[in-house]
Amino acid sequence: MFKSTDIQRGMTVRDRDGEALGGIVAVDPRGFTIGKGRAFETEYPVRFSDVAELDGDDVYLRRDLAHLPGAVLAERGADDAPAPHRPVAYTHDLTGALVPME
């Protein structure tokens, strides 16, 4: 079990398979933000409840890259060309956490 206070800026975020998604650029009471880069075209908010575990400076998420809404690599086709950008809308749930709208 981890404490949300253990998550810091600069840590590396990985999906459940260990693939590096990017570094943490901000932390707030609801979660943290992964900086834009190879996996995300814009900064990507993550709730603390989406974290499976911490291992040193690595934060492992509960889902793999293919199941993260807005991930660039998850949207690529068979020819590995980037798919058109698909914006993701977010809202707050009853606990105040930031969640993607479905």
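**Exercise 1.** Which element gives the largest share of the lining of the largest cavity, and how many residues does that share hold?

*Solution.* The model is a predicted one.
Step 1: Start with the cavities; the structure has two of 30 Å³ or more, and the volume of the largest is about 120 Å³.
Step 2: Its lining is made up of 14 residues, and those nearest the centre are Tyr-44, Pro-45, Val-46, Asp-50 and Arg-63.
Step 3: Two or more lining residues come from each of S4 and strand S8 (98-100).
Step 4: S4 provides the largest share, four residues.
Step 5: Sorted by class, the lining has ten nonpolar and four charged residues, with no polar ones.

**Exercise 2.** Classify the aromatic pairs by their ring geometry.

*Solution.* Step 1: Count the pairs; there are two.
Step 2: For Phe-32 and Phe-48 the ring centres are 6.2 Å apart and the planes stand at 50°, so this pair is tilted.
Step 3: Locate these residues in the chain: Phe-32 is in strand S3 (residues 31-34) and Phe-48 in the loop between strand S4 (44-47) and strand S5 (51-55), 16 residues apart. Phe-32 and Phe-48 are both buried.
Step 4: For Phe-40 and Tyr-44 the centres are 4.1 Å apart and the planes at 15°; planes under 30 degrees apart count as stacked, so this pair is stacked. Phe-40 and Tyr-44 are buried as well.

**Exercise 3.** Describe the pairing of S5 with S6.

*Solution.* Step 1: S5 and strand S6 (residues 58-61) pair in the antiparallel sense, over four bridges.
Step 2: Leu-54 has Val-59 in S6 as its bridge partner.
Step 3: The hairpin has two residues between the strands, and Gly-56 in this hairpin takes a positive phi near 65°.

Notes:
Residues are numbered from 1 along each chain as its sequence is written. This is a predicted model: local features need pLDDT of at least 70, side-chain atom pairs count only at pLDDT 80 or more; totals for chains, interfaces and linings use all residues. Side-chain values use heavy atoms; hydrogens and water are left out. Rings of Phe, Tyr and Trp (its six-membered ring) pair if their centres lie within 6.5 Å; planes under 30 degrees apart count as stacked, over 60 as edge-to-face and the rest as tilted. Buried means under 20% relative accessible area, exposed over 50%, partly exposed in between (1.4 Å probe, protein chains only). Two strands pair if DSSP finds at least two bridges between them. On a 1 Å grid over the protein atoms alone, a cavity is a set of points where a 1.4 Å probe fits but cannot get out, and a pocket is an open set with protein on both sides within 12 Å along at least five of seven lines; lining residues have an atom within 4 Å of a point. Grid points are joined across faces, edges and corners, and a volume is the space filled by probe spheres set on the points. Ala, Val, Leu, Ile, Met, Phe, Trp, Tyr, Cys and Pro count as nonpolar, Asp, Glu, Lys and Arg as charged, and the others, Gly among them, as polar.
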